[in-house]
Amino acid sequence: MPSRDPIAEPWGSRTPYGPGRRWPARVDLHLAEGVGPEDVDRWVPSASILHSNGDALDIAVKDGRIVGVRGRGEDRVNRGRLGPKDLYGWQANHSPDRLTRPLVRRGGKLVETDWDTAMGLVVERSRRLLDEQGASALGFYTSGQLFLEEYLTLAAIAHGAIGTNHLDGNTRLCTATAATALKASFGCDGQPGSYGDIDHADVIALYGHNMAETQTVLWSRVLDRLAGPNPPRLLCVDPRPTPVAAHSAVHLAPRPGTNVALMNAIQHELIRTGRVDHAYVRDHTVGYGELVRVTDDYPPERAAEICGLPAERIREAAALLGGAERLLSTVLQGFYQSNQATAAAVQVNNVHLLRGMLGRPGAGVLQMNGQPTAQNTRECGADGDLTGFRNWNNDAHISDLAAAWNLDPMRIPHYAPPTHAMQIMRYAEKGSIRFLWISATNPAVSLPELRRIRETLARRELFLVVQDVFMTETAELADVVLPAATWGEKTGTFTNSDRTVHLSEKAVEPPGEARTDLDIFLDYARRMNFRDADGRPFPQWHDPVSAFEAWKRVSAGRPCDYSGLTYDRLRDTGGIQWPCDAEHPDGTERLYTDGRFWARPEECESYGRDLVTGAPKEEAEYRAANPEGLAMLKAVEYVPPHEGPDGEYPFTLITGRTLYHFHTRTKTGRAPELRRAAPEVWVEVSAADALEAGVHEGDPVEVRSRRGVVRARARVGGIRPGVLFVPFHYGYWDTDAADPDGERDRAANELSATDWDPVSKQPLFKTAAVRLRRVGAGDGRPSPAPTTTASAPLDAEVAATRGRPDTLEEPDGGGTR
């Protein structure tokens, strides 16, 4: 049956619709070659775990194996659509190189063993360090890809049972700034807006958010609005010529690291031209006077000089935002991973507060997530927060959490905020952390300055436990490797960027002796003999259902209240947005509809930080500034990046995603269609810079920073001159790791600096100074970069990226394509 090629047409066919109308359904179906719908034994409900959109889907099972996926047409998130990673990523479950038995290091090599031996080593080392050095000798670094029940359990073990403050998730790399910005403006985490706001907005602003590649289905929703009557107008802020930019009314490509200057100028213009909802500002916010004072110094001409933009284009952007009747804004890594990350993201919130654009259809903010279950790490306190959006600096919150867990409050460390990931690595490097348990993430490729990270993880004094699905670059350095089950092989819930909770059910058995992450964490707790205040085993739960019920109890009354949800409701209804409780039995599409915020001193999740220095604020300071718990307009001066281009390193490097891969490709690199679409790393360079450097499409080039080097073929594209782009997905598991000198030169983070945002502690991946050198003449082959998205070449001779027409689309009303 003829169908779509999802590689060449990642957003599929259009189903146009107008403002205020329901997004038409279109059910996408992909099955393994030779398998038809009639051959499927059963369909198992789940959602995508390869991006943060939360696309609902059913897993096709035949003869005990996953054989494909089908979108769920009735679900509120995707209305049946699936992106390339959704359609093909499941194949990684069947990879022959899955970890199937525990491994332990013997004589310098990892060798297979049994679970008792592996867990015995983990427990023995844990007990010894607890006795000798105390809880702070142990650290945990987890993922944005586990399930809520697993994060809750890990947080309970680390914070409640062991009492260490050293717990974070790799969501530190993608959404720590989102959480911090939301807390800074509204008092607590949680997206104010909804994906449904796309159906109503007349202006959509995307700040550093290449939605077309990071959330393909959400971008399909925007494309369908653009194809319908009365389409919205788009603002795009991005130094690359993304598909978002191509569809925008105004595209701003600022110099990397200057987002705060740009946002200050936009606010300057909104205030100067009287485009402020003064009644909303008066009734619902604090901080307006200071914001007027600071932004008064940022007329467009000043920002234009800092950002390298025409002043008139900044005015056009401000006029677009100021003229909107229903404004939706989204923010992602172009802001989060850049200089002054939190400060810039907060300025987007400011725009919505200035314009009163919150809490009604089409008027909302989505400080987006990069990972599929990032929201759950934040809610459960597995990422540097405390469970249930509780404030580590509020004793009443600690007591409340301790009561829910039936523990003495003093067992939960709250002398300081939970340790962030880069500080955990620094403690491991210096030797105070001597036990590090890493689950479902790959810092040996994903963290900055990789040579330093590899040396830290390989230290003989550090006992490294890695729990994962594959032998990653990080697992190769471990003392103990624990084989984990993955999506489709276990049951649990996870929550997407707009607070929609989905249930993902077990479809097949994990391979070999692999176990679920929940089972592994609980096994560790039992072997450690953790007990609550009544002497019962702690955590008190024992399976996904009982863990979810425990989460309902601990989240009740907090902003992320799940108490009205059950597995059966999620099974019957599909995705439901929190808070879902007695007052909101059907969930909550938008927050702050009544202009009330979770910002009163007694209930806020954080007392905030200084947006320039990151210094934490105390309760008294917060209470004096915001006694009634209103939303907070936060002003901030622009501060240049720590490292900028100079004579020796004249380019700024930005890193990011491509449409076809996720994280460090541990899964997507094992899906043949995704691998073929983007098989190798590349370097994007502008036409002007390529001409000056004598670089042509496909030429081998070298990009070097003060930390390391990357060698790849060049893609001559439309990126802003003076800026280079390298995708961050590529490590070494599928290639010869090093040149004869032992130098690794494939991963983008060989180049990045050990530097982070002072407020959110998110590493900065978009301000490294680098230089470019042509290594030699190409062999006639173009760069391996895809032609379908922001990496499109200027050279029309480059063959288009294509796959195979193997996916069926069924739109509303029947018919197929």
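This is a predicted model: local features need pLDDT of at least 70, side-chain atom pairs count only at pLDDT 80 or more; totals for chains, interfaces and linings use all residues.

Mentor: Start with helix H4, residues 176-186. Its buried residues pack against helix H13 (333-336), helix H14 (341-355), strand E14 (364-367), helix H15 (374-380) and strand E21 (631-632).

Trainee: How many residues of H4 are buried?

Mentor: The count is 11 of its 11 residues. Lys183 is one of them, as are Thr177 and Phe186.

Trainee: And what follows H4?

Mentor: Gly187 does, and its phi is positive, near 90°.

Trainee: Changing topic: which residues have the most contacts inside the largest nonpolar core?

Mentor: Tyr207, Trp219, Leu235, Ile266, Leu321 and Phe335, in a core of 123 residues. Helix H8 (residues 259-272) gives this core its largest share, seven residues.

Trainee: Take Leu235. What is it in contact with, leaving aside neighbours within four places in sequence?

Mentor: Its partners include Ile204, Tyr207, Val250, Leu252, Ala317 and Leu321. Ser248 is also in contact with Leu235.

Trainee: What lies apart from that core?

Mentor: Another core, of 65 residues, with Trp437, Ala550, Tyr567 and Leu570 among them. As a general point, nonpolar side chains in soluble globular proteins tend to be buried together.

Trainee: Now charges. How many salt bridges are there?

Mentor: The count comes to 71. One joins the side chains of Arg390 and Asp400, at 2.7 Å from N to O. Arg390 is in the loop between H15 and helix H16 (395-405), while Asp400 is in helix H16, 10 residues apart.

Trainee: Is Arg390 buried or exposed?

Mentor: Buried, because its relative accessibility is 4% and the cut-off is under 20%. Asp400, with a relative accessible area of 40%, is partly exposed.

Trainee: Where do Asp699 and Arg774 lie?

Mentor: Asp699 is in the loop between helix H25 (687-693) and strand E24 (700-704), and Arg774 is in strand E27, so the pair ties together parts 75 residues apart in sequence. They form a salt bridge, with the closest N and O atoms 2.9 Å apart. Asp699 counts as buried at 5% relative accessibility, whereas Arg774 is partly exposed at 32%.

Trainee: Which residues are linked in a network of salt bridges?

Mentor: Arg596, Arg600, Glu602, Glu603, Glu619 and Arg623.

How values were computed:
Residues are numbered from 1 along each chain as its sequence is written. Side-chain values use heavy atoms; hydrogens and water are left out. Buried means under 20% relative accessible area, exposed over 50%, partly exposed in between (1.4 Å probe, protein chains only). Helices (H or I, at least four residues) and strands (E, at least two) are DSSP runs, numbered from the N terminus. Contact means heavy atoms within 4.5 Å. A nonpolar core is a set of buried Ala, Val, Leu, Ile, Met, Phe, Trp, Tyr and Cys residues joined through side-chain atoms within 4.5 Å. A salt bridge is a side-chain nitrogen of Lys or Arg within 4 Å of a carboxyl oxygen of Asp or Glu.
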